[in-house]
Amino acid sequence: MPSIEVKNVKEKIEYRPNENLLDILLESGHFVDNPCNGKGTCGKCKVKIIDGAIESPSITERKLLSEGELESGVRLSCMVKPSGNLKVELMQKEREHKVLTAGYKPRFDFNTNIKKVLVQIEKPSLQNQTPFEEQLKKATGLKSIQFDNLQSIEYDDGAYTVVLYDEKVIGVEVGDTMESLYGLAVDIGTTTVVCELVDMNTGKELSNSSMINAQKHFGLDVLTRITYEIENKADGKQKLQEAIVKSINDMIEDICNKERISRKSIYEMVVSANCTMMHMLLGVSAKTIGKSPYAPIFTSSKNIPAIDIGIDISRFGRLHCLPSVSAYIGADIVSGAYVCNLENRKGNILFIDIGTNGEIVLSKSGRLLCCSCAAGPALEGMNISSGMRAADGAIEDIDIDERGNISLKVIGDKEPIGICGSGILAAIRELVKSRILKKDGAFIKLEKLEEDDFRNKLIQMNGKKREFVVYSNGKSDEKILITQGDVRQVQLAKGAILSGFLALLEKAEITMDELDKVVIAGQFGAHLPADSLTGTGILPDDISDKLEYVGNSSKVGAYMALMSKDVKENMEKLSLNMDYMELGAVKGYERLFSDCLIFPKV
C-alpha cells in the first residue's frame, strides 16, 4: 500500500488510493484545521507537499491559495487525492484556546438526587440468618432493593455504603465511602466543552477542564455536522457520538488527576447543551434538526445510566441531560434563562447568547418569548480569510486612530497569526467608524479619496477587490486581511441577530425604550465590549448602557441542576413555558433582515 510521511513524524501512514488527504491525516490523529468539513470552501486545510506526485491544483485551490503558496507546494488537503507515496508538512498546530468556564451564580438550596447512607451489616450465624437484602432494607427504610445491586456483593459483616438516587438504591459499596461523593457539571457547546468537578457533599467546585469540541473534525457548525451524519449513513452518527464521549472522558481523567480522586467516585453528570449536541451525545439522529420543519427527536430531559453511552465514571453513575425548547433553543438557553431568573424578574429583559447561532429570549414581565437566528461561524473566527479561534496569536481587539495608525491587542502578547471573532467585530467597528466601510458594507473606493486621506494607506487592491490590511510582517503572503467577503459574512451574522432582536420586540409589542436590561451570555459574548456590539450594529446603540454580562450561564445551570433536584424539575417546567417563534414564519421578516444588514451611521 502507498504511504504518507509527515515531516518530523517518524510514523508513516498507509492508505488506500483515492482517499482524501484531509481524511487520511485526520483519521491518523493529525491536526488539520477544516472549518467547512472538507467542502473546499474555507481554504484553511493547508498542507505543503514536500515530495511525491499529485494532480494539478483545482480551480477551487487556485481561487483560495495565492500564487506564492501554490509555487511553494501548498495545497488544500481536502482537494487532494494521492495515489502514491507522499511526504507532507503540516502547516498548523493545535493551540491553547481561551475557554470561558465561569459565570454569574445565584443563591439556591442544595438538594441533590444522589445521596449516600452508611449501614452496618451483622455477620450471619446459625441463630441469625437474616439475608443481606433484608438487613439493607431495614437499615435504609426502603421496601425493596433492585436485584442488580446484590449481584456483586459478598456477604460479610461491617460497614457498607448504600448509594441512593431519588431514594432508590443504585449501588452498594463495601466499607465507608461517605466522603467520596462527586459529580460533574458539563456544558457542551458547538465550539467548546467545559467539564467541572464538584464535591456533592459540600457543593464546592473543585476543578475544571475545557477543550475545543472534538466534533470540529466533522465541521464547525451544527448544520455541517448534521450533513456529515446524513452523508455517512453507516457510521456518521456513531463517530459524532464517539468524538464527544471521548472528549468528556479525557476531561474527566484530567480533572481526576488534578484532584487525585478516582473517577469511580463520580456518581452523576449533568449536561447542558444545544439540542443538536444533546442528540449527538446520546447517539440519537439529528438529521431532522437540519431540515424543515426542524423537528428534533426529543426536547425533554433525559436521565440514563452514564455507562450506556460510554461515560467512564462510577458503574452506578447517572447522566442527566437538561431539557430543550426546540431544535434551536437548547438546554444551554434554558439554563441561562433559569440562572438569570427571567421568569420572575420584573420589567422587560432581553437575554442573548451569541455564537454560531444567536439565541434570544425576551422576558416581558415573566412571559418568555424566544427565537434563534443562524449567525454562522464567522463571529467565532471561521469562514473568515484570516480567521482563527481565540488562541495565542489571535488578534482580539483593534483600534484605528484619526491618523490611520493601527493598534492591536493579541492573545498571549504574541506576533499576530490571525484574527478571532472579537477581533473581527472590532475591525468592522473601526472600519465603520473610520468610514472605510459604507453603510451597505462596501469598501470605499480609493479614487474618491483625497491624496492625503489616511484611509489610502489602509486599503490595498487585490486585482479589482479592495482589502483592509490589519497586519503585515513584511511577507506578501503572510498578511492578516479583512476582505469584502469577510465583511459580508459579518453582515449576515449581524443581520440575523439584530432582526431576531427586533422581531421579538415587535411580537411582544414593546419598544426599544421599554427594555430594562440586555443580558449577554456565553463564551463569545463575554469577550465583546459594548462598543463592538453597538458599533457594528449587532445591537442598537440605545441599549449600550443596559448591558449585563453573565458569562457561561449554561455551565452554571448544569452545576445548579447537579446540586438540586428542585432545579432539575423547575428547568423542565421552564422549558415548557418558553414560547418559540420561528423567524422564517414571521410576516415581513425578509424585509426586516435586509434592513438589519445596514451598518450604523457614524
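**Close-up views of a predicted model**

Ala394 stands opposite Gly418 in strand E20. This is a predicted model, in which local features need pLDDT of at least 70, side-chain atom pairs count only at pLDDT 80 or more, and totals for chains, interfaces and linings use all residues. Residues are numbered from 1 along each chain as its sequence is written, and side-chain values use heavy atoms, with hydrogens and water left out.

**View 1. An open sheet of three strands.** The strand order is E19-E18-E20, and the pairing is mixed. Strand E19 (406-410) and strand E20 (418-419) stand at the edges, each with a single partner strand, so one side of each has no neighbour in the sheet. Strands (E, at least two residues) and helices (H or I, at least four) are DSSP runs, numbered from the N terminus. Two strands pair if DSSP finds at least two bridges between them. E18 (residues 394-400) and E20 pair in the parallel sense over two bridges.

**View 2. Helix H9 lies across E18 and E20.** H9 runs at about 15 degrees to E18. Axes are lines fitted to C-alpha atoms, for helices over the stretch in contact; angles run from 0 to 180 degrees between N-to-C directions. H9 has 13 residues and reaches 18 Å from its first C-alpha to its last. That is close to the 18 Å expected at 1.5 Å a residue, where the expected span is 1.5 Å times one less than the number of residues.

View 3. Twelve of the 13 residues of H9 are buried, so the helix is largely enclosed by the rest of the structure. Buried means under 20% relative accessible area, exposed over 50%, and partly exposed in between (1.4 Å probe, protein chains only). Among the buried residues are Ile424, Leu425, Arg429 and Glu430. The buried residues of H9 pack against E18, E20, strand E22 (465-472), strand E23 (479-483), helix H10 (484-508) and helix H11 (530-535). Contact means heavy atoms within 4.5 Å.

View 4. Most residues other than glycine have a negative phi, and most peptide bonds are trans. Just after H9, Arg435 takes a positive phi of about 60 degrees. Arg435 sits in the loop between H9 (421-433) and strand E21 (459-462). Glu167 has a phi near 65 degrees, also a positive value. Its loop joins strand E7 (158-165) and strand E8 (168-174). At 44% relative accessibility, Glu167 counts as partly exposed. A cis peptide bond joins Ser292 and Pro293, with omega about 10 degrees. Pro293 lies in the loop between helix H7 (275-281) and strand E13 (302-305).
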